[in-house]
Amino acid sequence: LAWIAAGLVVILVALLILQGFCLIGPNQVGILTKNMFGKKMPEGQIIARNGEIGVQAQTLMPGLYWRLPIIWSFTKVPVVTVDNASIGIVESIDGEPLPKGRVLADEVESNQFQDAEMFLANHGKKGPQVGILRPGTYRINSILFHITRAPAVKIGENTVGIAIAKDGIPLPSGYVIAPKALNANGTEADHKAYQNGQLFIDSKGYRGPQLDTLQPGIYFINPNLFDIKIENVAEVLPGYVAVIRSNVGLELEREPQGPAGTTGEGKLGGPIHEDVEKILITNKYTRGIWREPVAPGKYNLNAIAFSAYQVPTSAVTIDWASEGRIGTEVKGTKSTETKAAAVLYSFDPL
């Protein structure tokens, strides 16, 4: 009987030892969970960082491992793969709370979310992240980080993309289009066509519609940070010009004035053309109506920032006959500046 008991003990020990082995394959990530003999995690913490009881932040690379099975258990998950036409959107279930007013968590150094311990040690925030995963293969603790795949932004021929930021500094009062994000030295921030979301945030980018458009191509943009609205390019047909109204910047400051009206003798009291010229703008980054109309052609126009009104290049001339009759005659193209001034009065929406 003693030999039988000893044999059973040996078998149990052997089974226990065998159960403690775990082979992590080349396309797998190992996640450890500590079941006992450790401190409890603080309230609100989900991932263990210092050997507490619970799911561990540290992951296991491919290889053969052994842990005492009563204390430890293994979970094997596949590596995260993002194809060439997609991005990976990241959300963390643990970390520090998001700052008040923010929608997304700032990027922190974590080897592209592959080092969960580093992410938590660097005060990574809980919730959806500004950073994304570009095409590639990643070894990620998928219990801490939830990855959702989304298609990359594709801008086709004869279209433009208009970016609308969902996070950043609130849009200043009186603005329709967000001012450009600037570096600390005052230069324009190069956020790589909205693909570097953290640089946009660090450069104090504003929420709302952005001025710069996306040209035809493929872009890896976080859809939680930017909505991309795709519009057709603007085309001014032959025989027309376009009068452009800009929504960029603040409203142009000017004294309220207009045509003087008519005198008692039935004559115009002041030249309409001169009054119109007072409200035209030459700075295209000021809100108002451009002084110079746009010639025929195709333009990558931001339809939120600029409104284009097409008008024919022929003009109507009013002739005052000697008998007091008024006649009209269609003539050829006049100077663009005069024509633009005349057109402005024919568009009530302006």
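An open sheet of three strands, in the order E8-E7-E10 and with antiparallel pairing, is described here in a predicted model, in which local features need a pLDDT of at least 70 and side-chain atom pairs count only at pLDDT 80 or more, whereas totals for chains, interfaces and linings use all residues. Residues are numbered from 1 along each chain as its sequence is written, and side-chain values use heavy atoms, with hydrogens and water left out. Strands (E, at least two residues) and helices (H or I, at least four residues) are DSSP runs numbered from the N terminus, and two strands pair if DSSP finds at least two bridges between them. Strand E8 (127–133) and strand E10 (145–151) stand at the edges of the sheet, each with a single partner strand, so one side of each is left without a neighbour in the sheet. Direction ignored, neighbouring strands of this sheet are turned by 30 degrees against each other on average, the axes being lines fitted to C-alpha atoms, with angles that run from 0 to 180 degrees between N-to-C directions. Strand E7 (residues 86–92) and E10 run antiparallel and are joined by 7 bridges; Glu91 has His146 in E10 as its bridge partner.

A search of the whole structure finds 6 aromatic pairs, a pair being two rings of Phe, Tyr or Trp (its six-membered ring) with centres within 6.5 Å, where planes under 30 degrees apart count as stacked, over 60 as edge-to-face and the rest as tilted. Phe113 and Phe119 form a tilted pair, at 6.3 Å centre to centre and with 50 degrees between the planes. Phe113 is buried at a relative accessible area of 6%, and Phe119 also counts as buried, at 0%, where buried means under 20% relative accessible area, exposed over 50% and partly exposed in between (1.4 Å probe, protein chains only). Phe113 and Phe119 belong with Phe145 to one aromatic cluster.

The rings of Phe200 and Phe226 have their centres 5.0 Å apart and their planes at 75 degrees, so this pair is edge-to-face. Because Phe200 lies in helix H3 (residues 197–202) and Phe226 in strand E15 (residues 226–232), the pair ties together parts that are 26 residues apart in sequence. Both Phe200 and Phe226 are buried.

Over the protein chain, 5 helices and 23 strands are assigned, and 36% of the 350 residues count as buried. Among contacts (heavy atoms within 4.5 Å) with a separation of 6 or more in the protein chain, 77% are between residues 24 or more positions apart.
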